[in-house]
Amino acid sequence: MPCRPDRRRQVSQGRNEVCKRASSTEALAVAAPGLSPDPASGGNRARRGRMSAFGSTPFWVVVPPTLSILKTANDPGLRRWEGRLRLHGLSQGNLQPELHAVTCVPLPDTTDMKRRPFIGALASLPLAAYGARGGDGRSAWIQWRDKFVAQDGRVVDNGQNGISHSEGQAYGLLLAQAFGDRPTFERIEAWTRRTLANRQDALMSWAWDPSQAQHILDWHNATDGDLFRAWALLRASRVTGWSIDLSVTEAICRDVVTLCLAPDPRTPDALLLLPGAEARHDEAGVLVNPSYYHPRALRELGTAFGMPELSQAAAHGERLLHELASIGPVPDWIEVTTEGFAPPRDHLLRSSYDALRVPLYLAWSGLGDHAAVVEMRAAMRRATLPGHVAVAFDKDGTPLSESNEPGFRAIVTLASGGIPDIEGQDIANQPYYSATLHLLCAIARNERHN
């Protein structure tokens, strides 16, 4: 609910509005980077890079329209958040035009927070609010939505003859949640439940083709799509505050644990993430797609639903990616055997479009210094054409293909610690895959916890 006038005071510089409530079960305060309401001094003073404490009461820091951060005021981590906000363009100089009336929102129950930690502190941020370098994030999202999301909620991959797949539906959910677009989120989820969630378990069939009489091309699941759908639903509930049936999310996670994890043949007490419930794993080896690992998503889902196996898989996945990066660019597919790594039996041994997601997911998880990020960044920079990045490599790391699509270049920017450019026109001019990675890079940069 909006703050009442008697619970609002004006900060003299920038007219930032601060609202403090007495109840710890509601939103208590809003402040802006670079402006420090300082009770100790009896006044308000500008202070770059610091934010004074209101005490130990939990509160929301809200930069309208929807940016919300949950912290404790005397937590030093709050100052780190403040610094990151300035990096995203919310500095004292350009914040003033963005501010509107403060909106107070309910604060999650603190006992529940201890059991299920607050996730994705910036996950509900519409990128237009922080001003991604080079453009308006909101217009980029609208371009993506209008180009790739059909009226019925089907996410269309125009790079694969207009098919839809579980990965695309999950990406659409993540993007709609991050940009605060609830109607689109609900359309995408409704189509997904109606069309792809047709297996006997809680997982999704992988591919759907509008040109075929039998639309389901492949009833096998792709584990990354299931994980990202579950993560998007969790974020929508816990971060954005939408009404979501989390029993569906929990069921997805339970089936991923039951059907999509397998022991590493080298160390049977460690868990590998299978690419699908029916994926081959036997004494000869376990097939792995390294780009299916998103450590942050796995950990947050595992914590939320009391499934430590997901967190264990995340930790082992980080080690696996480190091992692979010590050999060269991370491959799209690899076989893990008792003797180590082997070429996959049913796939080419190369690093290409799948593996490009590895540095994105690691950076998103706050692992920007991970060996796989460093290796993939270096490999992508080996392009010979101006303004291009390498997007495919042979087993020795020699570039096989290059691209100047902004989405692929954004991965290198993200992996280098930079802020990816994001222009609506860039999204409009790209095919589905690179456009999607472009927006995901922007969100990852906004949420990374380095």
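How many nonpolar, polar and charged residues does the lining of the largest pocket have, by class? I looked this up before anything else. The lining has nine nonpolar, six polar and seven charged residues. For the classes, Ala, Val, Leu, Ile, Met, Phe, Trp, Tyr, Cys and Pro count as nonpolar, Asp, Glu, Lys and Arg as charged, and the others, Gly among them, as polar.

**Ground rules**

I am working from a predicted model, where local features need pLDDT of at least 70, side-chain atom pairs count only at pLDDT 80 or more, and totals for chains, interfaces and linings use all residues. Residues are numbered from 1 along each chain as its sequence is written, and side-chain values use heavy atoms, with hydrogens and water left out.

**Pocket**

I noted a volume of about 570 Å³ for the largest pocket. It is lined by 22 residues. Gln160, Glu167, Tyr353, Asp354 and Arg357 lie nearest its centre. A pocket here is an open set of points on a 1 Å grid over the protein atoms alone, where a 1.4 Å probe fits, with protein on both sides within 12 Å along at least five of seven lines; lining residues have an atom within 4 Å of a point. Grid points are joined across faces, edges and corners, and the volume is the space filled by probe spheres set on the points.

**Overall counts**

I find 16 helices and 17 strands in the protein. Both are DSSP runs numbered from the N terminus: helices are H or I with at least four residues, strands are E with at least two. Of the 450 residues, 57% count as buried. Buried means under 20% relative accessible area, with a 1.4 Å probe and protein chains only. Among contacts between residues at least 6 apart in sequence, 62% join residues at least 24 apart. A contact means heavy atoms within 4.5 Å.

**The four-stranded sheet**

Next I traced an open sheet with the order β12-β13-β14-β15 and antiparallel pairing. β12 (281-282) and β15 stand at the edges with a single partner strand each, so one side of each has no neighbour in the sheet. Two strands pair if DSSP finds at least two bridges between them.

I then went through β14 (residues 334-337). Three bridges join it to β13 (residues 285-288). There, Leu287 has Glu335 as its bridge partner. Three bridges also link β14 to β15 (residues 340-342), again antiparallel. Val336 stands opposite Phe341, and Glu335 opposite Ala342. The hairpin from β14 to β15 runs through two residues.

Are the two faces of β14 covered or uncovered? Both are covered: Ile334 and Val336 on one side, Glu335 and Thr337 on the other, are all buried.

I picked out His316 in α11. His316 is buried, at 5% relative accessible area. Which residues does His316 contact, leaving aside its neighbours within four places in sequence? They are Asp264, Arg266, Thr267, Ala270, Leu271 and Leu272. Asp264 also has Thr267 as its bridge partner in β11. Four bridges join β10 (residues 261-264) to β11 (residues 267-273), which run antiparallel. A two-residue hairpin connects β10 and β11.

**Buried helices**

I checked α12 (357-364) first. All eight of its eight residues are buried, among them Arg357 and Trp364. Gly366 follows α12, with a positive phi near 80°.

In α13 (371-380), seven of the 10 residues are buried, so the helix is largely enclosed by the rest of the structure. Glu375 and Arg377 are among the buried ones. The buried residues of α13 pack against α11, α12, β16 and α14.

For α14 (residues 406-415), eight of 10 residues are buried, so α14 too is largely enclosed by the rest of the structure. The buried set includes Pro406, Gly407 and Phe408. Its packing partners are α12, α13, β16 (389-393), β17 (399-403), α15 (424-428) and α16 (432-447). Just after α14, Gly417 takes a positive phi of about 85°.

Note on methods: Buried < 20%, exposed > 50% of the residue type's maximum accessible area, 1.4 Å probe, protein only.
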